[in-house]
Amino acid sequence: AQSVTQLDSQVPVFEEAPVELRCNYSSSVSVYLFWYVQYPNQGLQLLLKYLSGSTLVKGINGFEAEFNKSQTSFHLRKPSVHISDTAEYFCAVSGHSGGSNYKLTFGKGTLLTVNP
Amino acid sequence: DAMVIQNPRYQVTQFGKPVTLSCSQTLNHNVMYWYQQKSSQAPKLLFHYYDKDFNNEADTPDNFQSRRPNTSFCFLDIRSPGLGDAAMYLCATSRLAGGQETQYFGPGTRLLVL
């Protein structure tokens, strides 16, 4: 079984400032890690994912995340945010295989609000 | 270019009146999921189909049912909606191959129960 903790429920920032959204996970098996973004009244859009290989993952809209196995973290970063980045961000984890490990476990989400 | 399609986007129903939400996909994925998402919460998995095999989550109420008549379509049936069932319902798909798992979500159906 896996669990995900998003440490901040809300993150307000000013436009063009850098941002980091924090995500920690726990799992008894090897994991895949994901960040999804959800704009108001829309579905979830995949931002980026870590499956294997390089621990620094680049995604859409200028976001990137770094997988840190020793700290069981997968924090999301963007060097300069825009007003349009205002949305809810969900971190999620799934196991590699076996049983129902392929199902996603989501964190509770972080609301990023970018102010002018 | 649409990949996961949900209809309708908004659904209004009356307390106790059965309602069906629809999901279709053009990705030919073998797994289809239904999630319930209430305001300011994470999506909660209700059930999923792995090919034709139905997998219910232990805490999904009996009021929620699903059908998958073919690879492309999946339906969520709420037999007797209560006020507490008002939520966004998200459909997702994935192709399980070699352990890789990426879920792709539809735009969601927002259900209002009067």
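A nonpolar core is a set of buried Ala, Val, Leu, Ile, Met, Phe, Trp, Tyr and Cys residues joined through side-chain atoms within 4.5 Å, where buried means under 20% relative accessible area with a 1.4 Å probe and protein chains only. This is a predicted model, in which local features need pLDDT of at least 70 and side-chain atom pairs count only at pLDDT 80 or more, while totals for chains, interfaces and linings use all residues. Residues are numbered from 1 along each chain as its sequence is written, chains are lettered from A in the order in which they are written, and side-chain values use heavy atoms, leaving out hydrogens and water.

**Exercise 1.** Describe the largest nonpolar core and the surroundings of A:L47.

Solution. The largest core has 28 residues, and A:L47 is listed with A:W35, A:L76 and A:Y89 among those with the most contacts inside it. Not counting residues up to four places away in sequence, A:L47 touches residues including A:W35, A:V37, A:I60, A:F63 and A:Y89, a contact being heavy atoms within 4.5 Å. A second, separate core of 21 residues includes A:L51, A:Y102, A:F106 and B:Y33.

**Exercise 2.** Classify the ring pair of A:F106 and B:F105.

Solution. Rings of Phe, Tyr and Trp (its six-membered ring) pair if their centres lie within 6.5 Å, and planes under 30 degrees apart count as stacked, over 60 as edge-to-face and the rest as tilted. By this rule there are 15 aromatic pairs over all chains. The centres of A:F106 and B:F105 are 6.2 Å apart and their planes are at 70°, so this pair is edge-to-face.

Note on methods: Buried means under 20% relative accessible area, exposed over 50%, partly exposed in between (1.4 Å probe, protein chains only).
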